[in-house]
Amino acid sequence: MSRSKLLSRMLLLLCAIVFAGSAFAQDVVHAVEGAVTRIDKTGKTIAIKTADGTEHVFKFTERTAIRTSAETAHEAKMGALDTYFAGKEGTHVVVRYIGKGADKTATVVEDFGKDTLKAGKGTVTHVDRAAHTIAVKTDDGAEATYKMGSQAVVETDHGVVKGTRYALKEGDKVTVHYTEDAGEKVIHFFHKL
């Protein structure tokens with residue numbers, strides 16, 4: 001076999017391996033915020049309603065992690081989501097999930113309680129990357145400064161990105177979901193509009 005044919009076949013084999021590997025690539029993780037509306041223990045699903053009224057239903061497994069807003073990722077509880085959220089309808093959560101449409105599986109559910117998670121919507125007027133803060137001006141003209149939480153995530157068109165690594169720019173329109181801690185507004189989840 002000639003050297004050029006051998007190189008061609010090796011290149012073709014390498015391309016086939018790369019394309020086959022991409023078919024098994026990991027699913028992209030997305031996130032959504034809302035209030036728990038129901039838990040189905042039998043079907044192993046959790047339903048949440050977002051601020052715009054859309055209901056999202058997620059499957060859960062024994063590997064779905066549960067975390068309260070005060071915990072770090074290392075302190076997450078695994079499994080028993082149906083027991084944990086039993087009787088907690090109305091609780092605000094951020095659900096990280098994989099899949100699309102009716103086939104979404106929750107990977108992490110972060111519990112913020114019934115009244116602690118707030119939302120702000122507006123235009124970014126200032127970004128301080130060193131301090132991990134952003135200033136947002138709402139449509140009514142009020143301006144607020146938010147600090148990026150250590151576990152904050154942003155929902156992008158390409159999936160979830162850690163908030164401290166996301167490059168916001170002045171002029172971006174955003175919705176931030178935050179809690180208040182010692183007078184600071186701490187972002188836990190946001191997305192660019």
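Thr-64 is found in the loop between strand S3 (55-59) and strand S4 (65-68); strands here are DSSP runs of type E with at least two residues, and helices are runs of type H or I with at least four, each numbered from the N terminus. The model is predicted, so that local features need pLDDT of at least 70 and side-chain atom pairs count only at pLDDT 80 or more, while totals for chains, interfaces and linings use all residues. Residues are numbered from 1 along each chain as its sequence is written, and side-chain values use heavy atoms, with hydrogens and water left out.

**Surroundings of Thr-64**

Thr-64 counts as buried because its relative accessibility is 0%; buried means under 20% relative accessible area, exposed means over 50%, and partly exposed lies in between, with a 1.4 Å probe and protein chains only. Its side chain takes part in two polar contacts, listed in the table. A polar contact is a pair of N or O atoms within 3.5 Å; within protein, one must be able to donate a hydrogen and the other to accept it, and residues adjacent in sequence count only if both atoms are side-chain atoms.

| Side chain | Backbone partner | Distance |

Leaving aside residues up to four places away in sequence, Thr-64 touches Lys-77, Met-78, Gly-79, Leu-81, Ala-106, Thr-107, Val-108 and Val-109, where contact means heavy atoms within 4.5 Å.

**Strand S9 and its partners**

Strand S9 (residues 133-137) is mostly covered, with four of its five residues buried. On one side of the pairing scheme, strand S8 (residues 118-128) runs antiparallel to S9 and is joined to it by five bridges; two strands pair if DSSP finds at least two bridges between them. Within this pair, Val-124 stands opposite Val-136. The hairpin of S8 and S9 has four residues between the strands, and His-132 there takes a positive phi near 55°.

S9 also pairs with strand S10 (residues 143-156), again in the antiparallel sense and over five bridges. Here Lys-137 stands opposite Glu-143. Five residues lie between the strands in the hairpin of S9 and S10, where Gly-141 has a positive phi near 95°.

**The chain as a whole**

The chain contains two helices and 13 strands. Of its 193 residues, 38% count as buried. Among contacts between residues at least 6 apart in sequence, 49% join residues at least 24 apart.
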